[in-house]
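Hello,

Here is the structure I promised to pass on, sequence included.

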Amino acid sequence: NFDEGGSKAQNLCDEAWAAHGEAEHAEAERLYHAALREDPNHIEAMTKLAMLYELDMVEYGKAEALYRRAIEVDPEDVSLLYDFAVFLQERRKDYDEAEKFYKRAIALDPSDGGSLNNYAIFLQTCRNDTTAAEALFKRALDAHPNASATLCNYASFSENHLCNYDQAEKMYKRALKINPDDASTCYNYAIFLEERRQDHDGAERMYKRTLEADPTDVDALNNYGLLLQNVRGDYVGAQALFEAALKREPGDLASLNNLAVLLEDCMQDYKAAEDTYKRALEMSPDDVTSLCNYGGFLKHRRNQETEAEEMFKKARAEDANLADRLIKTQDD
């Protein structure tokens with residue numbers, strides 16, 4: 001009977017995962033619960049249901065209860081321990097508790113690449129401990145020298161925290177040699193080439209590779225659009241990329257602002273620009289960048305000083321330092 005129950009639970013879990021992949025969240029939730037009724041200790045069903053609650057349904061209380069329950073059933077599951085550590089770090093901002101679970105995972109398997117990689121990121125972002133973070137990245141790469149995700153993370157760390165650009169580029173190239181079609185690595189290397197090397201041709205090639213791997217990458221669409229706008233003077237191409245980003249995520253504020261600024265400054269289509277600024281503010285009425293951009297538009301394009309100052313006042317109430325920097329940029 002136990003084997004039959006376990007097999008049925010696994011089948012239900014597999015069905016749930018398929019529904020999960022199709023974004024049929026309610027059906028996935030139902031099937032995961034059905035699996036757990038068949039086998040209350042089914043680790044895979046618990047962890048995948050926790051992921052559903054965490055990442056898709058934003059019900060962190062339910063997700064945490066499932067993670068803790070799964071760890072009680074199998075306290076030596078290393079992947080589960082570091083998944084829960086990441087949850088505590090990113091969702092709960094409970095850094096002390098997160099660190100305990102990272103350490104538990106590494107104590108159980110000192111060479112586990114996922115634990116070492118994620119703990120290294122934790123030490124840098126949450127503890128500002130650059131020395132310890134670098135040591136863990138090196139341990140992770142000693143254990144798994146061809147782990148492209150770790151290589152990319154170490155490249156980003158070398159670039160942004162060590163300011164060792166030669167080492168960063170070496171890591172990006174190693175990662176891409178192992179996994180040439182990884183969209184995340186292609187995108188990060190494109191940013192590196194554009195911002196650190198001022199290699200716009202190389203950056204453009206990497207943006208294109210990113211979008212070949214993932215045509216819906218909103219960040220890549222925006223950054224490539226900005227390169228076309230600001231470096232190539234290709235306003236039509238930039239507009240197409242910003243609009244593609246908005247087709248993917250209609251409420252993305254960066255895309256809306258990028259498109260509005262392009263329409264205003266480069267294409268002088270003030271009606272379309274104003275409509276786009278208004279769309280951004282409908283999505284997020286308190287967004288500082290949108291408030292400042294629309295305020296600048298009202299001031300410089302419509303000569304509506306009073307209305308512009310109202311926008312600037314709202315922006316300063318949200319974040320005075322950021323608002324003042326953005327307003328100063330408009331006047332320079």
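A word on terms first: on a 1 Å grid over the protein atoms alone, a pocket is an open set of points where a 1.4 Å probe fits, with protein on both sides within 12 Å along at least five of seven lines, and its lining residues have an atom within 4 Å of a point. Points are joined across faces, edges and corners, and a volume is the space filled by probe spheres set on them. This is a predicted model, in which local features need pLDDT of at least 70 and side-chain atom pairs count only at pLDDT 80 or more, while totals for chains, interfaces and linings use all residues. Residues are numbered from 1 along each chain as its sequence is written, and side-chain values use heavy atoms, with hydrogens and water left out.

**Pockets**

The largest pocket holds about 270 Å³ of space. Its lining consists of V261, E264, D265, Y277, N293, G296, F297, H300, R301, L326, T329 and Q330. Helices here are DSSP runs (H or I, at least four residues), numbered from the N terminus. Three of them, α15 (253-266), α17 (288-300) and α19 (320-331), each give at least two residues to this lining, and α17 has the largest share, with four. By class, there are four nonpolar, five polar and three charged residues; Ala, Val, Leu, Ile, Met, Phe, Trp, Tyr, Cys and Pro count as nonpolar, Asp, Glu, Lys and Arg as charged, and the others, Gly among them, as polar.

The second largest pocket has a volume of about 150 Å³. Around it are A120, I121, Q124, T125, F137, C152, N153, S156, F157, H161, S184 and N188. Two or more lining residues come from each of α7 (113-125), α9 (148-160) and α11 (183-195). This lining has five nonpolar and seven polar residues, and no charged ones.

**Helix packing**

The axes of α17 and α19 come within 10 Å and cross at roughly 30°; axes are lines fitted to C-alpha atoms over the stretch in contact, and angles run from 0 to 180 degrees between N-to-C directions. The two helices are therefore roughly parallel, the word for angles under 35 degrees, with over 145 counting as roughly antiparallel. Their crossing is right-handed, that is, the near helix is turned clockwise from the far one by less than a right angle, and left-handed if anticlockwise. On the α17 side V288, T289, C292, N293, G296, K299 and H300 are in contact with L322, A323, L326, I327, Q330 and D331 of α19, where contact means heavy atoms within 4.5 Å. Six of these residues are nonpolar, five polar and two charged.

For α15 and α16 (residues 270-283), the axes come within 8 Å and cross at roughly 160°. That makes the pair roughly antiparallel. The crossing is left-handed. Among the residues that meet are L256, V261 and E264 of α15 and A273, Y277 and M283 of α16. Twelve residues of this contact are nonpolar, two polar and two charged.

Finally, α5 (residues 78-92) and α7 have axes that come within 10 Å and cross at roughly 20°, and so they are roughly parallel. This crossing is left-handed. V78, Y82, V86 and Q89 of α5 touch G114, S115, N118, F122 and T125 of α7, a set with four nonpolar, five polar and no charged residues.

Best wishes

Notes:
Parallel < 35°, antiparallel > 145°, perpendicular 65-115°, else oblique.
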